[in-house]
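User: I have a structure here that I have not looked at before. Can you walk me through parts of it?

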Amino acid sequence: MSVATTDAMTDTMIELSNVRFGYSERVILDGLNLKVPRGQILAVMGGSGSGKTSLLGLLGGRNHAWSGEVRVAGQNVSSLNRAGLYGLRRQLGMLFQFGALFTDLTVFDNVAFPYREQTDLPEPVIRDLVLMKLEAVGLRGAAQLMPSELSGGMSRRVALARAIALDPTLMMYDEPFTGLDPISVGIIGRLIERLNQTFGMTSIIVTHDLNETLRIADRVVIISEGKVYRDMKPQEVRESQDPFIRQFADGLPDGPVPFHYPSPAYADQLIGEA
Amino acid sequence: MLLIGLEALGASITRTLDRLGLAARFSWGVVSVAGICLVRFSLLVREMYFSGVKSLAIISVSGLFVGMVLAVQGYEVLQRFGSAESLGSLVALSLVRELGPVVSALLFAGRASSAVTAEIGLMRATEQLAAMDMMAVNPLARIVAPRFMAAVVSLPLLAVIFSSAGVLGAYLVGVQLIGIDDGAFWSQMQASVDFRVDVLNGLIKSVVFGVAVGLISVFEGYHAAPTAEGVSSATTRTVVTSSLSVLVLDFVLTVSMFRGLS
Amino acid sequence: MNRSKFDLAVGVFVALGMLALGFMALRVGNLASFDGSEGYRLEARFDNIGGLKSRAPVKSAGVVVGRVESIKLDNTTYEAVVSLRVKPEYRFSNDTIASILTSGLLGEQYLSLDVGGDPSYLSDGARIVKTQSAFVLEKLIGQFLFNKAAESSGTSK
């Protein structure tokens, strides 16, 4: 399914060099460099607004870098036209934060959607494929339910089944654990791990959830001030004494990431306005 | 003070022009992929069900009652001049030229377009459109274009159904209740309603209204802020903007179509 | 709801719309009746056509036999040139009189053809020579007042 290019032959799935990106006047990413080999599970962490989700947008071609180069599966994303971009996206899977299931379709039709839109497979074949994917996430029995009848964890799993329908080579997870109970977090984490092992996918997980992420990730990248702040193994994160990482790992309210939004001195403001 | 006022005026003009430019580019994008409705007819059929079929009841009942009221009021005036038989032509001309296309477009904006805006807005807010885009399916073609085309196709049909129901309503009140002569009612109507001038122009009007209302509803939905408040204000804007555009367009079209006739 | 139900409902909806359009064309409008595209052309000149409009009916003995096709002003004689189309099955003698009349007191104006005794018939493109202009109320009243004034000044002498 993947296009054979020189880069695709090598082991690099993603390569970002000196990427600069932002929204109108606000710069989010500035001078970001990142290289991800095939088959890796990479966790991207950082405070809110640090540009983690923008990074996924850049990889999927939904955002365009101001400068620098974004290469996915050997292709320069910003140089692609619409058809080329859609060609690339057929190799990508993305799990959105809240699943983003189509609310007017049943679970079955949601998972069947990519097959019906992208392939000419006959309906009986699609049916078998959909049931296989649903079985993989353990929800074959829920095929005829509507998304509104699912719990948060279940809809995330259905969305996962939909995202892997066309056997992508790169899976992107946007906050896959947010808002889930611990059991669901465990299930999703295990699924991500299993998919990576069985299908040899490359996975990028953007997340805040440190525990589950450290368990499944091969590598952790922390983004701060538009750059890669730290690039390390999960074990190194656990043992790190870096105040920024400790604040993140231990959930401390104040530290290198300040509790207070930038403001004038408290006393000055109280007296000055009186 | 004056300077601040001018500044605000300038800013609002810039904002309006920005939005108009956005709307124009968006409309072009929608129209250029609207051909998908021919290739995948079932997409259009589904949306016609939700906008067209589901508006059928309100359209035909409203048409019936508008026709009945027109008959009562028209009779009041006409019988003073001893020309109660002209009731048929009065009612039919008002319905076919004006009320049919305009009132059904207004009802359609309230009944169907607002729902389309809310639906697309919610799909955007819940990242369904983004998910589709990431699955290499163009949401403009898959979601937006069928809803737009459904308005363009459904509205003319609804308008003629409205007018027909209105004529029947007038017949019920005028002929069955008031007792105007049956033959005179229909023959006066036929003598004054010209198929090409009146019926076809009315149809052209409703196609234009369908394009306007359809584009406004998908535009507002697609560009709604991804919050509950954003979607609700987009829905309101759809109804307000659609209604105003229909009335303004109606004036422009009426002047250009019927000015030479009377 | 499955696809075939959508198909059925939308099919009924479109059929209903077509039915309504047919009703508009045949029962409400006049598509079935003579629309002036066939038949032969005649021309008549009037000093004044009053409120006659194009597409107004042409009647003979009260029966609609055709429609007014166009109305122009002749720039040299300053007469109104009315061209009309008459259904092919009706024929009118050469000395037919064309007059502009009003249906009822406030009704619309139409063109009336009154047949004379000439044995030969008007053919396509022919001109009706004898015409009677529209009756214009203001002129008539003016004439009446003028006559009255002349009458009273005559008796006072």
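This is a predicted model: local features need pLDDT of at least 70, side-chain atom pairs count only at pLDDT 80 or more; totals for chains, interfaces and linings use all residues.

User: Start with chain C. How many helices and strands are there in chain C?

Analyst: Chain C has two helices and eight strands. Along the sequence the order is α-β-β-β-β-β-β-β-β-α.

User: And what percentage of the residues in chain C are buried?

Analyst: Of its 157 residues, 34% are buried. Chain C exposes about 9,500 Å², with 58% of that coming from carbon and sulfur atoms.

User: What about contacts in chain C between residues at least 6 apart in sequence: what share join residues at least 24 apart?

Analyst: That share is 62%.

User: Switching to salt bridges. How many are there over all chains?

Analyst: There are 29. Staying with chain C, one of them pairs Arg45(C) with Asp74(C), whose closest N and O atoms are 2.7 Å apart. Arg45(C) sits in strand β1 and Asp74(C) in the loop between β3 and β4, 29 residues apart.

User: Are Arg45(C) and Asp74(C) buried or exposed?

Analyst: Both Arg45(C) and Asp74(C) are buried.

User: Now chain A. What does Arg230(A) pair with?

Analyst: Arg230(A) forms a salt bridge with Asp242(A), at 2.8 Å between the closest N and O atoms. Arg230(A) is in strand β10 and Asp242(A) is in the loop between α9 and α10, so the bridge ties together parts 12 residues apart in sequence. Asp242(A) is buried, at 9% relative accessible area, while Arg230(A) is partly exposed, at 33%.

User: Which residue does Arg97(B) meet in a salt bridge?

Analyst: Arg97(B) meets Asp198(B), 2.6 Å from N to O. The two are 101 residues apart, with Arg97(B) in helix α5 of chain B and Asp198(B) in helix α9 of chain B. Asp198(B) has a relative accessible area of 2% and is therefore buried, since the cut-off is under 20%. Arg97(B), at 25%, is partly exposed.

User: Last topic, helix packing. At what angle do α7 and α8 of chain B pack?

Analyst: The angle is about 145°, and the axes are 10 Å apart. The crossing of α7(B) and α8(B) is right-handed.

User: Which residues make the contact?

Analyst: From α7(B), they are Val167(B), Ala170(B), Tyr171(B) and Val175(B). From α8(B), they are Asp182(B), Phe185(B), Trp186(B) and Met189(B).

Note on methods:
Residues are numbered from 1 along each chain as its sequence is written. Chains are lettered from A and ligands numbered from 1 in the order in which they are written. Side-chain values use heavy atoms; hydrogens and water are left out. Axes are lines fitted to C-alpha atoms, for helices over the stretch in contact, and angles run from 0 to 180 degrees between N-to-C directions. Helices (H or I, at least four residues) and strands (E, at least two) are DSSP runs, numbered from the N terminus. A crossing is left-handed if the near helix is turned anticlockwise from the far one by less than a right angle, and right-handed if clockwise. Contact means heavy atoms within 4.5 Å. Buried means under 20% relative accessible area, exposed over 50%, partly exposed in between (1.4 Å probe, protein chains only). Accessible areas come from the Shrake-Rupley method with a 1.4 Å probe; for residues, only the protein chains shown count as cover. A salt bridge is a side-chain nitrogen of Lys or Arg within 4 Å of a carboxyl oxygen of Asp or Glu.
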